[in-house]
Amino acid sequence: MIMHLMKLGVMASINQRLDYETLQAISNQFGFEAVRKLTLEEQILQDEPDDATNLLSRSPVITIMGHVDHGKTSLLDAIRQSNVMDTEAGQITQHIGAYHVELESGSVVFLDTPGHAAFTAMRARGAQVTDIVVLVVAADDGVMPQTVEALNHAKAAGVPILVVLNKMDVESARPDHVKRQLAEYDLVPEEWGGQTIFVEISAKERIGIEELLEMLLLEAELLELSANPNKPARGTVAEAKLDKGRGPVATVLVQNGTLRVGDVFVAGRYNGKVRAMINDRGHHVKNAPPSTPVEVLGFTGVPEAGDQFFVVGSERDAKALSEFRQAQHRATQLGPQSRVSIQEGDIKE
Ligand code: GTP
Ligand code: MG
């Protein structure tokens, strides 16, 4: 074996650990097939691919991005006002960092990220939560540094961008100039033969909001977003905090499956059991289907934005996995000079 390894350019000693690809190559030469053993994590989190017959369409999840003062918050406010549900009882939408808007023709979920930092942090952790990015550009100000930053983030994540030219009510609005600027970043409007949808609005005067929402639904239709509501939930933590009275609380976006009160879960280094769920209207709910943002109570600790959230079969599995992850986390906290290396076998079940 050592000789074969040498031929592959690997100078191995007798008790060396080999990576899977090398092992595969070596075992093939001896007529064996190497089969990778699932890690504890993989065993617990195994997910059967969804059969097309189990998939139902789901609402798109949208993130609004753009330069400072270009009108992101104003746009969200305007959108909230076109929410048919908000006309009932005049309730104030509880701020849970995400909310959904019901329209005649469908519903849309908005992730109210406080900024690009959150988006970047989530993406760095491998969290892909957004289906479409709405890039807000003030028509009187044009492309600014954070506009470029935002469009680069969206492109890197492979997320379609819909451009909103805001502040069209302002005298000095120059939409064509902004379109030319954006065309330099490959965001070419459809009317110029490009592929990018541009919607001209005034968040302040509430002009063009309905059209924007319709465009988002159209764009979402093209993406054929779907999920299987009939299985244990998976999602992503959008934000989390320690609440004085209620303990750790996290806003979770359910992306697949249905989350139910009583479900046992793992999120990042922590586990828990769903004690209560509160939706974006501040109402307690018993279950949350795909593309639903909910506030979840029942965590053993405060997870981080971008942590994956998984429902698991048993409390024992949930505990074992979170203990393993915490041990791993402690080891990395000790720094690279530390000799501690955590192997799965180190954790007693
Ligand atoms: P940050 O959160 O600081 O990045 O800003 P933002 O992008 O959320 O912008 P915000 O909605 O706070 O709007 C900034 C300013 O622009 C406010 O004074 C708004 O009233 C104003 N504004 C937003 N939309 C419009 C619009 O359509 N027309 C006009 N005239 N003013 C607008
Ligand atoms: Mg704002």
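Trainee: Okay, what percentage of the protein chain's residues count as buried?

Mentor: This is a predicted model, to start with. Of the 349 residues in the chain, 47% count as buried.

Trainee: And how many helices and strands does the protein chain have?

Mentor: There are nine helices and 17 strands.

Trainee: What about contacts between residues at least 6 apart in sequence: how many of those join residues at least 24 apart?

Mentor: That's 70% of them.

Trainee: Let's pick a helix. Which residues of α4 are buried?

Mentor: Helix α4 covers residues 72–81, and its buried residues are L75, L76, A78 and I79. Looking down the axis of α4, you'd see those buried residues fall within an arc of 160°, so they line one face of the helix.

Trainee: Why would residues a few places apart end up pointing the same way?

Mentor: An α-helix has 3.6 residues a turn, so residues three or four places apart point the same way.

Trainee: Nice. Which exposed residues sit on the face turned away from the buried side of α4?

Mentor: T73 and Q81 are the exposed ones there.

Trainee: Switching to ligand 1. How many residues surround it, and which are the closest?

Mentor: 15 residues surround ligand 1, and the closest are K72, T73, S74, D169 and A203. Helix α4 turns up again here, because the helix numbering puts three residues of α4 in that shell, the most any element gives.

Trainee: Which polar atoms lie by the oxygen atoms of ligand 1?

Mentor: A polar side-chain atom of S74 is 2.5 Å from an oxygen atom of ligand 1. For N166, an N or O atom in the side chain lies 3.0 Å from a ligand oxygen. With A203 a polar backbone atom is involved, at 2.9 Å from an oxygen of the ligand.

Trainee: How much of ligand 1 does the protein bury?

Mentor: Taken alone, ligand 1 exposes 640 Å², and the protein buries 68% of that.

Conventions
Residues numbered from 1 in each chain as written. Chains lettered and ligands numbered in written order. Predicted model: local features only at pLDDT ≥ 70, side-chain atom pairs only at ≥ 80, totals over all residues. Heavy atoms only, no water. Buried < 20%, exposed > 50% of the residue type's maximum accessible area, 1.4 Å probe, protein only. Helix = DSSP H or I, 4+ residues; strand = E, 2+ residues; numbered from the N terminus. Arc of directions from axis to C-beta. Near = heavy atom within 4 Å. Polar contact = N/O pair within 3.5 Å; in protein donor to acceptor, adjacent residues only side chain to side chain. Areas by Shrake-Rupley, 256 points an atom, 1.4 Å probe, with all protein chains shown as cover. Contact = heavy atoms within 4.5 Å.
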